[in-house]
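Have the structure open and follow each solution step by step.

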Amino acid sequence: MPHKEEDHTEFTPELYPPFPDNVPTVDLQTISLSKLLAHDAAEQDRVFEACVGRGFFYLALAGSEAGETILSGADQIALTGERVFKLPLEEKTKYKMAKSLFGYKHAGATRTDKAGTPDTAEFFNVGKNDMIVSDDRMSRPWPAEVLGAKPLFASYVKSAHSVGMTIMDIIAEKLGVDPSAFTSRHRIEEPSGDHVRITRGPPREKEEMPEIQTPSHTDFGTITILMNWLGGLQVWSESSRKAQLGGLEPDVPGEWLWVKPKKGCAIINLGDAAVKFTNGVVCSGRHRVIPSPGAQGRWPRYSIVYFVRPEDKCRMQTLEGKGIPESLDEEGEGLTAHEWIFRQSVALGNRFDN
């Protein structure tokens, strides 16, 4: 069993044991991407219901070009990430997230509770904009391992972004919002906080309540597309409409429920920007990440996330539509998306001096 670092590849999903059947799991809808792209009315109703409910659902990716790109690309990006994480710490810190949302975060850079307990995961955020332009137009340096996979990242970014916008277009239609209200705030060529996050969580160290890899939170952006192969993601049993953040833990009774990885599916969740744009009609699901349960916990946990976020210069204001309540709350009004998301990230406990 790969309990520690070894020379060979540690990202080996074909060897992972099954997810245990004796832990509490959440029941999520499974939505077909191919049906959404075919404008299937019943499937559009189901995805909208999931977005206004818990804000989490499975998205079956087979049967469409974008979905197949995400399915195959996630494995290749995870292998690229493993090569990055195997670099010496001194080399990785050359790309640290100093005053930026992009780059490397070492384990322990984020607080997970009021006592200041450090997190245990490392991740590398690969910015969308640098991956879809020529090298001479990139805004920052990247490791050779990332640059060598730049075409892979570019195709993944374009596919994941298009999937996110497909879902947002459906939300716009259901709420009577001009679809351009969303698309004009998420143009792929414009600078934004969109990125591919490659995360490595270490194997579980003990069987008791495990160390936290990512603390309780809701995502900052518009929509999140997660690919994972091992358990670790948990959602609070109460909807995030009730379970607000209090000391990095939900403030209503409940329990953490596991989100079981589902082969061939991405896990989708809405973020705070979508809540802001719709004035609370959709739900940003509260979640956290801990080491995998049972025998799965003996493996390092890799995940690939694409965050769709508003353009940096976008003003964070509630949109107008017949299905959106009039906004009376001016919190965040006037802030750009860049300012708003950076503030949200700092509030979560992220440090940008790591």
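**Exercise 1.** Work out how the lining of the second largest pocket divides by residue class, then locate that pocket.

*Solution.* Start with the classes: 11 lining residues are nonpolar, 3 polar and 5 charged. Here Ala, Val, Leu, Ile, Met, Phe, Trp, Tyr, Cys and Pro count as nonpolar, Asp, Glu, Lys and Arg as charged, and the others, Gly among them, as polar.

Next, the volume is about 460 Å³. Of the 19 lining residues, Asn228, Trp229, Pro261, Lys262 and Lys263 are the closest to the pocket's centre.

Finally, at least two lining residues come from each of α3 (65–85), β7 (223–228) and β12 (265–270).

On terms: on a 1 Å grid over the protein atoms alone, a pocket is an open set of points with protein on both sides within 12 Å along at least five of seven lines, a cavity is a set where a 1.4 Å probe fits but cannot get out, and lining residues have an atom within 4 Å of a point. Points are joined across faces, edges and corners, and a volume is the space filled by probe spheres set on them. Helices (H or I, at least four residues) and strands (E, at least two) are DSSP runs, numbered from the N terminus.

The model is predicted: local features need pLDDT of at least 70, side-chain atom pairs count only at pLDDT 80 or more, and totals for chains, interfaces and linings use all residues. Residues are numbered from 1 along each chain as its sequence is written, and side-chain values use heavy atoms, without hydrogens and water.

**Exercise 2.** Which element gives the largest share of the lining of the largest cavity?

*Solution.* The search finds 1 cavity of 30 Å³ or more. Closest to its centre, of 33 lining residues, are Arg197, Thr214, His217, Asp219 and Phe307. β14 (301–308) is among the elements giving two or more residues, and its 4 residues are the largest share.
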